[in-house]
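Here is a quick tour of the model below. Have it open as you read, since the notes go chain by chain and then into the cores.

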Amino acid sequence: MKINSIYLTILISACQREEDIPPALTIDKEANMTIAELLSLYEINNSLSYSQIPEGTVICGTVTSSDKEQNCYKYLTIQDETGGIMIVMKNTELYERYPVGAKVFVECEDMVIGHKYKNKQIALLDNDAMVGIPKSDENLYLFTDGKAGPEPEPRIITSRNQIDSTYFNCLVRVEGVRMQNGGGDTYCPDTITTYCSRYMMLEDSTTITLRTYARAFFANELLPIGRCNMTGILINSNSGPLLYLRSLEDISYSGK
Amino acid sequence: MLGGEYWLSKDKYADTLADPMLQYYDIDNAEAHLVEGDKCGYDYALNIFRENLWVTLLGEYEHLRFHIGLNGTMSELWRTGFMRYGAYRDEAAGNSEMFLSPNYGAKAGIAYKIDKHNTLEINGQWQTVAPVAANVFVNALYSNRFINNLKSEKDLAADFSYVMNYKFMRMRASFYFINFQDVTEHYNFYHDLYGGFVNYTLTGVNKQNIGVELGMEIPIGKMFTIIMAGNWGDFVYTNRPTASITANNGYSELTPGCKEVVHTIYWQNYHVAGTPQIAATAGLKFKHKDWEVKVNANYFDKIYAALNSERYTPDARGYLDEGSDQLNAIIGQERLKGQFTLDASISKSWKIKKHTLGFSLKVINITNNKNLVTSVNEQHRFNYMNHDGTSFPNKYYYALGTTFNFGLNYSF
């Protein structure tokens, strides 16, 4: 009986093991500059097309853009409490690795801050031109756990006149807009192969341009009818501020 | 030469901007025009000498039988390189240092005869084993450099058996335990995280095999015998070994500023692959005069996938939550379903004066079961970008269908 007991004990021990689990990666980064401070390193109206970002600069922000519907193309916008910044990327399908709400640390080593059509952005430099971060090098500059989270509260816009530089590259909600030719036009007709601009008329009669790429999945959908709220990324341009929707779920209706 | 006049032995992936000599597999004959019969790529020899001394003491008494054995081994190993690959030029040619590995072992066993039908046996063994030559060098093709922290493997084994021998039944039931420590494993493969081929060494691997075995023969009349045998085992890794990784080309940095990555493998309590850990056979044997016919049904189970150790690291897990489906797809070790086969054999021998002539014919896998998976392994490829354990699925190796084995034997 004693021998039988020993057999049983050992066999039971063999069956009760818990398999190992590797620990998760941790991000041991700390931001040493706010996004507003980073933006202040470069002025659009100076003679330089870009400025080198100081060595060792680390910023941190929450992802606000999404290229899932392909309307935020080859860039990532992140924002903290002080502002938003655009990071130029070389590849697409960024939403898989940097979902909306994910916290991202950016090591800006070797990066520059400049602008494109008056919209500030940070990028790599190649032959004196600002270029996107290739997918293979993303892990050298961008650090995130890739977990979606709550997006920042969008900044409310009720008039074109309230927009200043602090709104650009941020998540905004333009409230009470009525689309010009809503229900009649699409976001971007088939005849256009690049992008299309539509006009949002705010309640104070000012207008803001809604920009949609031809490649966007919702390009052929009809513009909304009646007053609604549009949430998206506000980008500056030579012709003024442009709102980019991430998807049609960014539209909420507030009645006709 | 495939129609070519000569071959230039160069690594076309070498970083010649950094150093043009990196591209040559043999920098002492850098631009040599190699033709049929010339050596290219690598040329080396592994010199292995081993001396072994053992002593065994046997004793047998009426109720007791024992053995004690001791052994000592000295192994000498060195590499001789005959080519200087540019990437390893300072350590490629000539003789490496000599790797000396003294090892020793002891074993003992006792068999106690309770009576003429029943015996209890217990055996034990402890030994150290030199690492195999293939696991001694970081890159034996091109370099004389040894793997860091080379150690002899330490094995401890014990088994306890009960043997029963009656006319109506013969049976052996055993419990076994084997513990392996400081096993070294070495591979070369393409590592997706570093974007290149790597030299990969696991050191300090500990494993444990425990199990029970049962075998019995039950005669039915004078000509038939029922044969049954089975094993239930549990073979697992018992610790977290260390992986050391360097670029296969000898010079690339794996991460900025870092030419060697060392990290822990979190695979404790995962199963060791390589053999079914449950195996059973049941069969019928017919023996009459010099004819013998056997039919066996076999069952195999607890076949686990050979692990890609790099999946059991924080780099593979990323930031995935514990218990998430995505993490389970990475670290969940596949276990194959149980599988059956059917075998048969026939043999006959003739005595010709003092000589014996015989034949045997075996048919394995009579049912032609080609879905029988004999082994499965996790690929070394892995999608680190998305931490997706399904991007590079496991590879499966299948049994041959029905196989015939015919043999003739003549003894004199």
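## Chain B at a glance

This is a predicted model. In chain B, 22% of the 412 residues count as buried.

As for overall dimensions, the C-alpha trace of chain B spans about 80 × 60 × 50 Å along its principal axes. The radius of gyration of chain B is 27 Å, while a compact globule of 412 residues would come in near 22 Å. Looking at contacts in chain B between residues at least 6 apart in sequence, 63% join residues at least 24 apart.

## Where the chains meet

The contact draws 22 residues from chain B and 17 residues from chain A. On the chain B side, the elements giving two or more residues are strand 9 (224-237) and helix 1 (314-317). Helix 1 of chain B gives the most, with three residues. By type, the chain B side splits into 13 nonpolar, five polar and four charged residues.

## The nonpolar cores

The largest nonpolar core has 59 residues, and A:I87, A:I122 and A:V174 touch the most other members. Strand 11 (residues 170-179) of chain A gives the most to this core, with six residues. Because domain 1 (35-144) and domain 2 (155-253) of chain A both give residues to this core, it lies between them.

Zoom in on A:I87: leaving aside neighbours within four places in sequence, A:I87 is in contact with A:Y75, A:L76, A:I78, A:V106 and A:I122. Apart from this core lies another, of 28 residues, including B:V198, B:Y266, B:V272 and B:I330.

Terms used:
Residues numbered from 1 in each chain as written. Chains lettered and ligands numbered in written order. Predicted model: local features only at pLDDT ≥ 70, side-chain atom pairs only at ≥ 80, totals over all residues. Contact = placed C-beta atoms within 7 Å. Helix = DSSP H or I, 4+ residues; strand = E, 2+ residues; numbered from the N terminus. Nonpolar A, V, L, I, M, F, W, Y, C, P; charged D, E, K, R; others polar. Rg over C-alpha atoms; globule rule 2.2 N^0.38 Å. Buried ≥ 20, exposed ≤ 12 C-beta atoms within 10 Å, placed from the backbone. Core = buried A, V, L, I, M, F, W, Y, C linked by C-beta atoms within 7 Å. Domains from an automatic or database assignment.
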